[in-house]
Amino acid sequence: MNGMNAESGASGAITCSPGLKSRRMPNGVHGEVGKRWASAEMNGHTKTVSNGQVFGNFPTNTTKSLRGRDSTSAKESYEEVPLFVACLTYLGFYLLMVLGYFNHLFFTPNVATEKHRDGYPSLYDHFERFYFRYVYRRVRDCWNRPICSVPGAEVVLKDRVTKDYGWTFEFTGTQTKCLNLGSYNYLGFAEEKGPCATAVEETIRKYGLAFSSPRRELGTNPLHIELETLTAEFLGVDDAIVFGMGFATNSLNLPTLLSPGCLCISDEKNHASIILGLRLSGAKTVVFKHNNMRDLERVLQRNIVNGQPGSGEPWKKILIVVEGIYSMEGSIVKLPEIVALKKKYKAYLYLDEAHSIGASGPHGRGIVDYFGINPRDVDILMGTFTKSFGSAGGYIAGDKKLINFLRCNSHAHCYASSMAPPVAQQILTSMKIIMGKDGTDEGQRRIDQLARNTRYFRRRLAQIGVITFGHEDSPVVPMLVYLFSKLGAVVRTLTTKNIAVVGVGFPATPLMEGRIRFCLSAAHTKEQLDYALARIDEISDTMGLKYSRKPRDPNPIPY
């Protein structure tokens, strides 16, 4: 975008032709499914909340009227932690720390000691070493669990045991088949058989497993060109560029688009790949409160008025960076309001659709599709193929000038090995199914099934009485357990009941917000979800997880 600055002005928006017409759909409606779910209810109960929204009339070519409210709050779930739970959480964590320091002082850790390092400074931070050895180790068995199957609706765990309280693990030689509520297999394309697997097998026989070269040298293949063309068509933009790693799509391309003298305004819940990319860019980064439009506008106004630190000169460019679906919160970005603000203040908009592309919108085209927004209103569309497409890698899509600039300057394009042939073919086949280019309605069926599973699961959890975060249409469903001890207990107990889940705690989340993160899939059946919900209800009673103080819907939740 340094190259685009000369044409578009210091902080002006990229100029695009009118292109696609904005779709006019009610917010939160997934195509025909919305006819069955049209309701002001959220997760089994009504909710009214103010979250710093920007009120006013938004451009009619951007989104439908917001009816006096912002675009997501009426469908979001959030509750403050109860006071007694907060006290217990802090007490439990500090108790772990005290016990850890006690062990550190009086017992020798069962770890290898480096030799011939006299005079060397420590390679690792002292607190990180302490935290790993004496806090994380106590629940280490709940993470890094090896699997030995495809991560479909069910997954096979390779069993292991520890005989020294988490210092080491041994495989038992047995396996456990579990219901998979932890993988990002949103549309169920992670399969060992079917059209994707067949096409990938044929591609391996034709092209092999890798190109062993960057795209700029000998790493470009007809599969890459076809995939970039298809991705641009799928998203409704001029062009797209694909990369072999999703994390690097953010971390290596943001430094290409930003430089010292630029201003980046970033949501506080943005992914680590975004944070790393912004640090590498050298741009001034200012964080705004999560999904809070009032705070975003305040940050924009203040920094535009003040200009660059020291000199007060205007910023070279201003970039707003947000995600479509936030992977730890399950929340959906208030995209209509952000588009309005970015136009008002002449800022660029970078939208990370890693968790939303394929999983959101009536046609699976992400949050842009979900709100019926013209994709050309978003300057830089980023996403990954690791989730809904059951593959690997990422893309950036948008204006032709932007993509040509990245082809010339992106480190991820110029120096990293290109996307492997079977990886590209998996994406091509699954994307064609989503778009209906295979001549069937299988893609639309999966999109509708995921939306149905998501709403049903969230509403049933609310009926059980646990606290969940996020939007009712988000397939990422965080269930709050708060206490560090309960985090491990829930993961272990559900595993014994043949349910595989992911626990997330500090430092990945705030200390007070330990959670179990469920990821739903179109591959899940109602019977599988009912089984999981029944087990969650049982352990919520025995472990005291029913913290919610909201009224519960006594009526059966329709599927």
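Where in the chain is Leu280 placed? Leu280 sits in helix α9, which covers residues 272-281. Keep in mind as we go that this is a predicted model.

Leu280 has a relative accessible area of 53%, so it counts as exposed, the cut-off being over 50%. Together with Met245, Phe247, Leu252 and Leu276, Leu280 forms a nonpolar patch on the surface. The accessible area of these residues together is about 420 Å².

What about the rest of α9? The buried residues of this helix are Ser273, Ile274, Gly277, Leu278 and Ser281. Viewed down the axis of α9, these buried residues fall within an arc of 135°, so they line one face of the helix.

Just after α9, Gly282 takes a positive phi of about 80°.

Let us step back to the whole chain for a moment. It has 18 helices and 15 strands, and 57% of its 559 residues count as buried. Among contacts between residues at least 6 apart in sequence, 75% join residues at least 24 apart. The accessible surface of the chain comes to about 24,300 Å², and carbon and sulfur atoms account for 56% of that.

Leu230 gives us a contact across the sequence to look at. This residue is found in helix α6 (residues 222-235) and, at 6% relative accessibility, counts as buried. Leu230 and Leu428 are 198 residues apart in sequence, while their C-alpha atoms are 7.8 Å apart in space. If we set aside neighbours within four places in sequence, Leu230 is in contact with Leu428, Met431, Lys432, Met435 and Lys437.

Now to the charged residues. Side chains of opposite charge can pair when their charged atoms come close. The count here comes to 30 salt bridges. One of them joins Glu472 to Lys75, with the closest N and O atoms 4.0 Å apart. Glu472 lies in the loop between β11 (470-471) and β12 (476-482), and Lys75 in the loop between α2 (33-37) and β1 (76-77), so the pair ties together parts that are 397 residues apart in sequence. Both Glu472 and Lys75 are buried.

Glu513 forms a salt bridge with Arg515, their closest N and O atoms being 2.9 Å apart. Glu513 is buried at 17% relative accessible area, and Arg515 is buried at 0%. In the other pair, the side chains of Asp537 and Lys546 meet at 2.8 Å, N to O. Here Asp537 is partly exposed at 27% relative accessibility, and Lys546 is partly exposed at 26%. Salt bridges also link Arg215, Glu228, Asp239, Lys400 and Arg407 in a network.

The aromatic rings make a fitting last stop. How many aromatic pairs does a search of the whole structure find? The search gives 21. In one of these pairs, the rings of Tyr131 and Phe506 have their centres 6.0 Å apart and their planes at 75°, so the pair is edge-to-face. Tyr131 lies in helix α4 (residues 126-134) and Phe506 in the loop between β14 (502-504) and β15 (514-519), so this pair ties together parts that are 375 residues apart in sequence. Tyr131 is buried, with a relative accessible area of 9%, whereas Phe506 is partly exposed at 31%.

Tyr184 and Tyr186 form a tilted pair, with 6.3 Å from centre to centre and 45° between the planes. Tyr184 is partly exposed at 27% relative accessibility, and Tyr186 is buried at 0%. Returning to Tyr131 and Phe506, both belong to a cluster linked by ring pairs, whose other members are Tyr90, Phe93, Tyr94, Tyr101, Phe127, Phe130, Tyr134, Trp167 and Phe484.

How values were computed: Residues are numbered from 1 along each chain as its sequence is written. This is a predicted model: local features need pLDDT of at least 70, side-chain atom pairs count only at pLDDT 80 or more; totals for chains, interfaces and linings use all residues. Side-chain values use heavy atoms; hydrogens and water are left out. Patches are made of residues with over 30% relative accessible area and no salt bridge: like charges are joined within 9 Å, nonpolar side chains (Val, Leu, Ile, Met, Phe, Trp, Tyr) within 5 Å. Accessible areas come from the Shrake-Rupley method with a 1.4 Å probe; for residues, only the protein chains shown count as cover. Helices (H or I, at least four residues) and strands (E, at least two) are DSSP runs, numbered from the N terminus. Buried means under 20% relative accessible area, exposed over 50%, partly exposed in between (1.4 Å probe, protein chains only). The arc is that of the directions from the helix axis to the C-beta atoms. Contact means heavy atoms within 4.5 Å. Rings of Phe, Tyr and Trp (its six-membered ring) pair if their centres lie within 6.5 Å; planes under 30 degrees apart count as stacked, over 60 as edge-to-face and the rest as tilted.
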